[in-house]
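Please look over the sequence and the structure first.

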Amino acid sequence: MTTVHKGCLECGKLWNDRKAGREFCCTTCRLAFNNRRMKRGAEMYDLFRAMRRERDQAKLLGLWAEMCRLELRWQQEDQEQRPNRRSYMPPRKALANLRESGRLPIGDVVAKNIRAGR
Ligand SMILES: [Zn+2]
């Protein structure tokens, strides 16, 4: 059975095919979407790490506000260039992707600390 999609997340093009759940019309669009996420992730990496590891300095410099401004700029760019199409994974999918990759040890640290009596 042929499935009608909402449209490619990158270019918005509608297409029909037999694979449900496909989000991109072609490899070029999938790569463009993922490359943008990687570039933005790299921009956010140091800010986020500094927020977690050097909290006092980060607070003094207003890093959280800068992170929010950066995200707002991305949202504005997205609306101009790719209106009404998200450019990030929804929360459940983002967590599922990390869990599937084995990169998100949810519960491990908490459980270890509880057992250790900390
Ligand atoms: Zn596309």
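## Model and confidence

This is a predicted model, in which local features need pLDDT of at least 70, side-chain atom pairs count only at pLDDT 80 or more, and totals for chains, interfaces and linings use all residues. Residues are numbered from 1 along each chain as its sequence is written.

The average pLDDT (the predictor's confidence in each residue, from 0 to 100) is 84 for the protein, and 84% of the residues score at least 70. Over residues 110-118 pLDDT stays under 50, and the model has 1 contact beyond four places in sequence for them. Two residues are in contact if their C-beta atoms, placed from the backbone, lie within 7 Å. Where pLDDT is low, the predicted coordinates should not be read in detail.

## Overall fold

The protein has 5 helices and 2 strands, in the order β-β-α-α-α-α-α along the sequence. Helices (H or I, at least four residues) and strands (E, at least two) are DSSP runs, numbered from the N terminus.

Of the 118 residues, 3% count as buried. A residue is buried if 20 or more other C-beta atoms lie within 10 Å of its own, exposed if 12 or fewer, and partly exposed in between, with C-beta atoms placed from the backbone. Among contacts with a separation of 6 or more, 22% join residues 24 or more positions apart.

## Helices α1 and α3

Helix α1 (residues 27-53) packs with α3 at an angle of about 165 degrees, and their axes are 10 Å apart. The two are therefore roughly antiparallel (angles under 35 degrees count as roughly parallel, over 145 as roughly antiparallel, 65 to 115 as roughly perpendicular and the rest as oblique). Axes are lines fitted to C-alpha atoms, for helices over the stretch in contact, and angles run from 0 to 180 degrees between N-to-C directions.

On the α1 side, the residues that meet α3 are Arg40, Glu43, Met44, Leu47, Ala50 and Met51; on the α3 side they are Leu63, Trp64, Glu66, Met67, Leu70 and Trp74. By class, this contact has 9 nonpolar, no polar and 3 charged residues. Ala, Val, Leu, Ile, Met, Phe, Trp, Tyr, Cys and Pro count as nonpolar, Asp, Glu, Lys and Arg as charged, and the others, Gly among them, as polar.

## Residues in the pair

Arg40 belongs to helix α1 and is partly exposed, because 17 other C-beta atoms lie within 10 Å. The C-alpha atoms of Arg40 and Trp74 are separated by 8.4 Å, although these residues are 34 residues apart along the chain.

Glu71 sits in helix α3 (residues 63-81). With 13 C-beta neighbours inside 10 Å, Glu71 is partly exposed. Its C-alpha atom is 9.0 Å from that of Met44, 27 residues away along the chain.

## From α3 to the end of α4

Asn84 lies in the loop between α3 and α4. This residue, which is not glycine, has a positive phi near 65 degrees. Asn84 counts as exposed because it has 8 C-beta neighbours inside 10 Å.

Helix α4 (residues 91-101) has 11 residues, of which 0 are buried, so the helix lies largely in the open. Gly102 follows α4 and has a positive phi, near 80 degrees.
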